[in-house]
Amino acid sequence: MKEVFDCVSFDSSKLVTKSYSTSFSMAVKLLSPKIRQAIYNIYGFVRFADEIVDTFHEYDKTHLIHKFEKDYYEALEMGISLNPILNAFQHTVKQYNITDDLVQAFLKSMKADLDKQVYHTEEEYKEYIYGSADVVGLMCLKVFVGGDEQQYQKLKDAAMRLGSAFQKVNFLRDIKDDFELLDRSYFPNVDFTNFNKEAKEAIIKDIESDFDYAYQNGILKLPKEAKLGVYMAYRYYKRLLKKLNKIPSSEILETRVRISNVLKVNLLARGFLRYKLDML
């Protein structure tokens, strides 16, 4: 029965989320059960594409990402895929009318990671972030608003800014791996062999601006079903940024910042209290 296979596919997407990101998985659990599975399905798709270009070094990554794309469109056309992650994602794409321009922009940025290592201009940097992060925020927003196009357009800019903030924090946190292992440098006009205080402060200021805009113009205006989960993801990344800000620029290439499980629970408890007291 197709219903059983779909359930297996959905469970697979949930497992991918839990296996690759305990923090994101925790945030998803705070979403309404009505929309939780759709976000798992989106995460499974973007996680697998990202893994292809970032970690499968022993394999033909170009072939794998193009096959992944081809198989996705075949799944979309047929309404089924024997790849459970693609089967789950195509279901969510159709249910929430996730437009193809968002999927294509995402895949374009993933393919860029196959051979592009340095981003020299602000335009290149913004285009990559749009595809790798902003559109993922927009896919999730499609789910959060449940087909309300007016609300989607109203919250669209804030969703993109939040996606940008998350991605930039990831860039800053993962500088050591990106720069030393993958030979990548996403921030334009930044010399990480001589990373100084001024360059780090400029990056932090830019991220804080994205966070402030996203909070005031997006998170506070989200539907109730989505607000707490998105707020907790925001709180988690804000705390990561705070920890990164405390690290001297000369040491950031040698440090991998993480949030302890104890602090995650503390953030969750405080965020849940604010939500229940209607302070969001």
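This is a predicted model: local features need pLDDT of at least 70, side-chain atom pairs count only at pLDDT 80 or more; totals for chains, interfaces and linings use all residues.
1. Contact here means heavy atoms within 4.5 Å. Leaving aside neighbours within four places in sequence, S13 is in contact with Q37, Y40, N41, I85 and A88. The residue belongs to helix α1, which covers residues 2–20. Is S13 buried or exposed? S13 is buried, at a relative accessible area of 0%.

2. Now the overall fold. The protein has twelve helices and zero strands. Its radius of gyration is 19 Å, close to the 19 Å that the globule rule gives for 280 residues, so the protein is as compact as a globular protein of that length. Along the principal axes, the C-alpha atoms fill a box of roughly 60 × 50 × 35 Å.

3. Burial and surface come next. Of the 280 residues, 52% count as buried. The accessible surface is about 14100 Å². Carbon and sulfur atoms supply 53% of that surface. As for contacts with a separation of 6 or more, 71% of them join residues 24 or more positions apart.

4. Look at helix α3, residues 33–55. How many residues does α3 have, and what is its reach from first C-alpha to last? The helix has 23 residues and reaches 32 Å, close to the 33 Å expected at 1.5 Å a residue. Of those 23 residues, 17 are buried, so α3 is largely enclosed by the rest of the structure.

5. S109 is another serine to check. Helix α6, residues 100–112, holds S109. The residue is buried, with a relative accessible area of 4%. Which residues does S109 touch, leaving aside its neighbours within four places in sequence? The contacts of S109 are E127, Y128, G131 and S132.

6. Most residues other than glycine have a negative phi. N97 has a positive phi of about 55° although it is not a glycine. Its place is the loop between α5 (84–95) and α6. N97 is exposed, with a relative accessible area of 51%.

7. N189 is the other asparagine. Here phi is positive too, at about 60°, and again the residue is not a glycine. N189 lies in the loop between α9 (175–181) and α10 (197–217). Buried or exposed: which is N189? N189 is exposed, with a relative accessible area of 74%.

8. Aromatic rings are worth a separate pass. Rings pair if their centres lie within 6.5 Å. By this rule there are 21 aromatic pairs. One aromatic cluster is formed by F166, F211, Y215, Y231, Y234, Y236 and Y237.

9. Finally, lysines over tyrosine rings. The charged end of K142 sits over the ring of Y152, 4.5 Å from the centre of that ring. K116 lies over the face of Y119, and the distance to the ring centre is 5.0 Å.

Notes
Residues are numbered from 1 along each chain as its sequence is written. Side-chain values use heavy atoms; hydrogens and water are left out. Rings of Phe, Tyr and Trp (its six-membered ring) pair if their centres lie within 6.5 Å; planes under 30 degrees apart count as stacked, over 60 as edge-to-face and the rest as tilted. A charge sits over a ring if NZ of Lys or CZ of Arg is within 6 Å of the ring centre and within 35 degrees of the ring normal. Helices (H or I, at least four residues) and strands (E, at least two) are DSSP runs, numbered from the N terminus. The radius of gyration is taken over C-alpha atoms; the globule rule is 2.2 Å times the number of residues to the power 0.38. Buried means under 20% relative accessible area, exposed over 50%, partly exposed in between (1.4 Å probe, protein chains only). Accessible areas come from the Shrake-Rupley method with a 1.4 Å probe; for residues, only the protein chains shown count as cover. The expected span of a helix is 1.5 Å times one less than its number of residues.
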